[in-house]
Amino acid sequence: MSAPDTFEAPTVVTRGDADAEAPLVVLLHGRGSHEREIIGLVDLLPEGPAYAAVRAPIAEGGGYAWFANRGIGRPVPESLRCTMDWFRDWLDAVAPAGRPVVLIGFSGGAAFAGGLLLDEPARFAGAALLAGTLPFDGGVPATPGRLAGRPVFVAQGDDDAVIPRELLDRTWEYLTGESGATTVARRDPVGHEIAREAAIELGKWLGDVVA
């Protein structure tokens, strides 16, 4: 498995406030996608934070992925650890201690965001998991109370046929229950996508988190 220093420096697209001390919102795209797709979500999010969409380090399917997996939503632990370490090297350079950081991930990016949050809850001001699962059995702890007091936003589609339903349900139950997170959770009658109503509520949630 590749070590973090063998990955190239991340490709990042930025929007919003250029102040190096402004709250930083990091957007994490889905498997096989790239940073220029998810940056469009910023159009539905509040002004004020700095936004950075980061390209995942592993080339896959004409796009990029955050980790090797053993099946949809099931990361290989060693791969997830390598990419999380790589990401943290970048994050620590752009957001030193004291700068609030919020993660927003879609699909595979949601699993990656969840892994980062579970690995070091105090590092992040909050996280939004859109149409994705936590990386259960991916080498990060998902113990009771692990996310106590952390703001989390969860949006799922009732008709999502990409992420296994058992993983969506397990994520929902953990984040609205034993995790201890302060969770806003919604399900909409859509497939593997972000409902517009969910994006609007995400914007309100984000505004509260970075206020």
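The structure holds 14 salt bridges. Such a bridge needs a side-chain nitrogen of Lys or Arg within 4 Å of a carboxyl oxygen of Asp or Glu. Side chains of opposite charge can pair when their charged atoms come close. This is a predicted model, in which local features need pLDDT of at least 70, side-chain atom pairs count only at pLDDT 80 or more, and totals for chains, interfaces and linings use all residues. Residues are numbered from 1 along each chain as its sequence is written, and side-chain values use heavy atoms, without hydrogens and water.

Start with E120 and R88. Their side chains meet in a salt bridge (2.1 Å, N to O). E120 sits in the loop between helix 3 and strand 7, R88 in helix 2, and the two are 32 residues apart. Helices (H or I, at least four residues) and strands (E, at least two) are DSSP runs, numbered from the N terminus. R88 is buried, at 18% relative accessible area. E120 is partly exposed, at 32%. Here buried means under 20% relative accessible area, exposed over 50%, and partly exposed in between (1.4 Å probe, protein chains only).

R123 and D92 form another bridge, with closest N and O atoms 3.1 Å apart. R123 lies in the loop between helix 3 and strand 7 and D92 in helix 2, so this pair ties together parts 31 residues apart in sequence. R88, D92, E120 and R123 are linked in a network of salt bridges.

Two strands pair if DSSP finds at least two bridges between them.

Strand 6 (residues 101-106) is mostly covered, with six of its six residues buried. In a regular strand the side chains alternate between the two faces of the sheet. V101, L103 and G105 point one way from strand 6, and V102, I104 and F106 the other way. Strand 6 pairs in the parallel sense with strand 2 (residues 24-28) over five bridges. There V25 stands opposite V102. Strand 6 also pairs in the parallel sense with strand 7 (residues 126-130), over five bridges. I104 stands opposite A128 there. Strand 6, helix 3 (residues 108-119) and strand 7 make a right-handed β-α-β unit. Right-handed means that, with the strands pointing away from the viewer, the path from the first strand over the helix to the second runs clockwise.

Further along, strand 8 (residues 151-157) and strand 9 pair in the parallel sense over seven bridges. F153 stands opposite V184. D169 in helix 4 and R187 in strand 9 are 18 residues apart in sequence. These two residues form a salt bridge, their closest N and O atoms being 3.1 Å apart.

Finally, look inside. The largest nonpolar core has 43 residues. A nonpolar core is a set of buried Ala, Val, Leu, Ile, Met, Phe, Trp, Tyr and Cys residues joined through side-chain atoms within 4.5 Å. V26, F87, L91, L103 and F112 have the most contacts inside the largest core. A second, separate core of 25 residues includes L45, A198, L202 and W205.
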